[in-house]
Amino acid sequence: MGRIAATAALCLTVSLMVTTGTAAAEFGSLPPANPHLGPPGTATMHGDAESSDATPFAGPGTGSIDSDFRELAAACPTILQGADGIPQALCTKIIDRAPKVFLLDPGSGQPLASLDLAKGSLLGGVYAYLDSDDRMVTVDGSGQLLRIGHRKDGDDWKLFVETRTDIAQSVTGHCGGSDCDAVSSVMPDFDGRVWFATDNAVAGYSDPATGAARSIVLGPGEKVANSISTAPEGVSIATTHALYLVDVDETGGPRIVWRQAYDRGPARKPGQLSWGTGATPTFFGPGSGTEYVAITDNAVPKENLLVFDTAGGNPVCSVPTVKGTENSPIGSGNSLFVASTYGYPYPAVPEGAGDSDPAHASFTGGMVRVDVSGSGCQVKWTNDVLSAAVPRLSVADGKIYTVARHSIISTGSAGLTDTFRYTVIDAATGRVDTEKVIGATAVHNTLQMVGTIAPDRTLYQGTMSGLFRIAPR
């Protein structure tokens with residue numbers, strides 16, 4: 001089967017899975033597929049361009065599973081899979097914190113090939129996506145936008161940089177130094193431009209037709225500590241002070257469509273990696289799938305889930321949810337799901353993150369479902385799940401998949417009293433359907449990383465030292 005035929009078949013399968021069955025009826029359809037990305041559900045860290053954290057594929061389920069851990073000496077927050085069915089992981093090496101790409105055997109999760117990249121921003125080793133040709137797109141420490149391909153030479157697989165586009169001037173030109181800023185995230189818009197955001201809140205894009213890059217500063221003194229999201233309406237970027245929607249003006253230059261400041265609180269909270277929202281913006285909605293965009297703020301005592309209409313940035317509703325979170329909300333139909341990370345014991349936080357207030361707190365977990373309607377935001381359910389990963393909603397089976405961390409003694413790293421448990425939650429009720437221990441050492445610490453569900457129901461979950469491959473038995 002050729003690439004076009006295979007992609008068409010996959011899209012048909014996705015369409016059937018999303019538009020049939022009780023789970024799809026409960027949560028609505030997924031947001032529109034970006035034609036410049038790989039398959040919906042597996043092409044970005046958060047599943048799609050809109051960062052819905054929802055997938056068209058059923059997960060491993062509540063029955064027997066096989067859980068295999070692969071030690072890679074690197075933390076692996078981004079695990080993606082293209083139309084060719086081969087998983088790719090962008091990881092950060094433990095020794096020097098430089099990014100490294102792994103090509104994985106889909107049958108075992110074992111590395112088939114690897115490629116070291118230049119060290120840059122910490123988040124430069126986190127955020128990437130797969131384009132429509134199954135190439136990983138990211139920016140490395142050299143300031144170059146890379147498209148990384150893979151092929152089989154004889155019996156061996158190879159990863160290689162297929163194209164390089166220098167965007168360094170657009171990244172650092174606003175601050176006057178060769179290393180004064182770095183790209184934190186990339187994502188294509190629906191016209192094919194490759195948008196980027198930097199640590200110091202520069203937003204811009206690279207034109208794939210010409211290689212030219214243009215950029216603007218969103219807000220002096222602001223930072224970007226999460227990924228960016230795109231929808232037909234534009235690009236949404238959350239800084240440490242405000243939520244933005246940007247697109248291009250009549251000359252093709254980046255412009256701010258709207259800006260909404262939020263309550264960033266008095267300081268970073270324990271269980272967060274920056275002072276401000278911990279959320280990548282989530283596009284969602286029961287109609288087009290992108291009529292709303294949501295983040296959490298950093299208010300005290302509880303953070304509010306904030307919902308805005310995408311076109312104009314007008315507030316739709318706000319509701320208190322959890323004490324703190326570093327995770328993006330799940331969005332599907334008119335439902336949002338927020339998982340607490342308050343007090344999560346990260347072994348370290350990024351340089352410049354600042355002290356947390358309070359200095360320490362216990363990790364108590366908890367998850368909230370909020371439904372958005374004409375009358376505002378209504379809390380549908382809450383639970384006390386100790387989610388140690390960014391949860392993923394399957395609209396095919398109506399389950400939320402995550403890994404829970406259970407500790408008798410709370411410490412800064414996993415100890416002898418900790419267990420990490422594959423956890424399945426009923427998205428309609430919040431009830432935990434099953435928990436199964438899959439790890440109990442520091443290398444199994446999932447560190448609030450995202451799990452990716454493949455079409456064959458395999459869940460790939462990154463950890464601080466490698467990844468889990470969890471499949472139905």
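Strand 19 (residues 282-284) and strand 20 run antiparallel and are joined by 3 bridges, strands being DSSP runs of E of at least two residues and helices DSSP runs of H or I of at least four residues, both numbered from the N terminus. Two strands are taken to pair if DSSP finds at least two bridges between them. The model is a predicted one, in which local features need pLDDT of at least 70 and side-chain atom pairs count only at pLDDT 80 or more, whereas totals for chains, interfaces and linings use all residues. Residues are numbered from 1 along each chain as its sequence is written, and side-chain values use heavy atoms, with hydrogens and water left out.

Within this pairing, F283 stands opposite V293 of strand 20. Strand 20 also pairs with strand 21 (residues 304-309), in the antiparallel sense and over 5 bridges; here V293 stands opposite F308. Strand 20 (residues 292-296) is mostly covered, with 4 of its 5 residues buried, where buried means under 20% relative accessible area, exposed over 50%, and partly exposed in between (1.4 Å probe, protein chains only). The loop between strand 20 and strand 21 contains P301, and a cis peptide bond with omega of about 5° joins V300 to P301. A cis peptide bond also joins D357 and P358, with omega of about 0°; P358 is placed in the loop between strand 24 (335-339) and strand 25 (367-373).

Q88 belongs to strand 4 (residues 87-93) and counts as buried because its relative accessibility is 0%. A polar atom of the Q88 side chain lies 3.0 Å from the backbone oxygen of D134; a polar contact is a pair of N or O atoms within 3.5 Å, for which, within protein, one must be able to donate a hydrogen and the other to accept it, and residues adjacent in sequence count only if both atoms are side-chain atoms. Neighbours within four places in sequence aside, Q88 is in contact (heavy atoms within 4.5 Å) with residues including L80, F102, L130, M136 and H150.

N34 lies in the loop between helix 2 (22-27) and strand 1 (54-55) and is buried, at a relative accessible area of 6%. A polar atom of its side chain is 2.8 Å from the backbone nitrogen of H36, and the N34 side chain reaches the backbone oxygen of D189 at 3.4 Å. Apart from residues up to four places away in sequence, N34 touches A49, P188, D189, F190 and T230.

Two residues other than glycine have positive phi values. R97, with phi of about 60°, lies in the loop between strand 4 and strand 5 (99-104) and is partly exposed, with a relative accessible area of 48%. A201, with phi near 65°, is found in the loop between strand 12 (194-198) and strand 13 and is buried, with a relative accessible area of 0%. In the loop between strand 13 (202-206) and strand 14 (213-217), A209 has its place; this residue is exposed, with a relative accessible area of 70%.

A search of the whole structure finds 2 cavities of 30 Å³ or more. The largest cavity has a volume of about 50 Å³.

Technical notes: On a 1 Å grid over the protein atoms alone, a cavity is a set of points where a 1.4 Å probe fits but cannot get out, and a pocket is an open set with protein on both sides within 12 Å along at least five of seven lines; lining residues have an atom within 4 Å of a point. Grid points are joined across faces, edges and corners, and a volume is the space filled by probe spheres set on the points.
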